[in-house]
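Have the viewer open as you read.

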Amino acid sequence: MNVRLQPGETAPDFTLTTDTGDPVTLSSLQGRKVILFAYPKAMTPGCTKEACDFRDSLTGLQAAGYAVLGISPDEPEALAKFVERDGLTFPLLSDPEHKVLEEYGAWGEKKNYGRTVLGVIRSTFVIDEQGDVELAQYNVKATGHVARLKKQLGLDD
C-alpha cells in the first residue's frame with residue numbers, strides 16, 4: 001500500500017489550504033526549491049520540536065533558495081493555533097483526508113507505543129526547481145532532523 005517517492009521522480013502536485021485559509025499549490029512554487037515535511041499532529045511534543053527547528057533554521061534555508069512547508073491532517077484552525085503558539089514563520093498545510101500524504105507515501109501503518117496504527121509517517125521531501133524529488137526521507141526522528149537535513153544539503157553552519 002505504501003508508495004515511496006524516489007529521487008528523480010516528479011513530485012505529485014497538490015493544492016492545500018494553509019493555516020491562514022489560503023490555498024498553496026506546489027506547481028506555483030516551481031522555480032524554487034521546496035522542503036515539504038510531513039508531521040503527525042500540531043502542538044504535540046515531537047512535532048513542535050521539529051517545526052521549531054525548521055523555524056529556527058528558516059533564514060539559512062531561505063537564503064539557500066528553499067521554501068519550507070509543513071503538512072499534517074490537522075484542520076486549518078488547529079494549524080493557526082500552532083503557528084501562533086510557537087511563532088512559526090512558514091506555511092502549514094492542512095490535508096484532513098490525507099490524500100496528499102498518501103501520494104507522498106507519508107501515510108500508512110506505523111508503530112506507536114508498541115501498537116500498529118494508521119497515521120502520518122514523519123517524512124521530509126526536498127523538491128527541486130523543476131518539481132522533481134531530490135530527496136525523500138521516511139520515518140525520520142523529530143529531534144536533530146533539521147540539522148541532519150541541512151548537512152545533507154551542504155548547508156551546515
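## Charges and surface

Take the 17 positive and 23 negative charges of this protein: their mean positions lie 9 Å apart. Lys and Arg count as positive and Asp and Glu as negative, while His and the chain ends are not counted. Each charge is placed at NZ of Lys, CZ of Arg, CG of Asp or CD of Glu.

The model is a predicted one, where local features need pLDDT of at least 70, side-chain atom pairs count only at pLDDT 80 or more, and totals for chains, interfaces and linings use all residues. Residues are numbered from 1 along each chain as its sequence is written, and side-chain values use heavy atoms, with hydrogens and water left out.

The accessible surface comes to about 7,700 Å² (Shrake-Rupley method, 1.4 Å probe). Carbon and sulfur atoms own 50% of that surface.

## Overall fold

There are 4 helices and 9 strands here, counted as DSSP runs (H or I of at least four residues for helices, E of at least two for strands) and numbered from the N terminus. Along the sequence they run β-β-β-α-β-α-β-α-β-β-β-β-α. The radius of gyration is 14 Å, close to the 15 Å that the globule rule gives for 157 residues, so the protein is as compact as a globular protein of that length. That radius is taken over C-alpha atoms, and the rule is 2.2 Å times the number of residues to the power 0.38.

Contact means heavy atoms within 4.5 Å. Of the contacts between residues at least 6 apart in sequence, 63% join residues at least 24 apart.

## What's inside

Buried residues (under 20% relative accessible area; exposed is over 50%, partly exposed in between; 1.4 Å probe, protein chains only) make up 49% of the 157. A nonpolar core is a set of buried Ala, Val, Leu, Ile, Met, Phe, Trp, Tyr and Cys residues joined through side-chain atoms within 4.5 Å.

The largest such core has 24 residues, with Phe14, Leu36, Leu69, Ile71, Leu93 and Tyr104 making the most contacts inside it. Strands E3 (33–38), E4 (66–72), E8 (123–127) and E9 (133–138), plus helix H3 (99–103), each supply at least two of its residues. Beyond its neighbours within four places in sequence, Leu36 touches residues including Phe14, Leu69, Tyr104 and Phe125. A second, separate core of 22 residues includes Cys47, Leu79, Leu92 and Val126.

Met43 isn't a glycine, yet its phi is positive, near 70°. Met43 sits in the loop between E3 and helix H1 (45–63), and counts as partly exposed at 30% relative accessibility.

His98, also not a glycine, has a positive phi of about 50°. Look for His98 in the loop between strand E5 (92–94) and H3.
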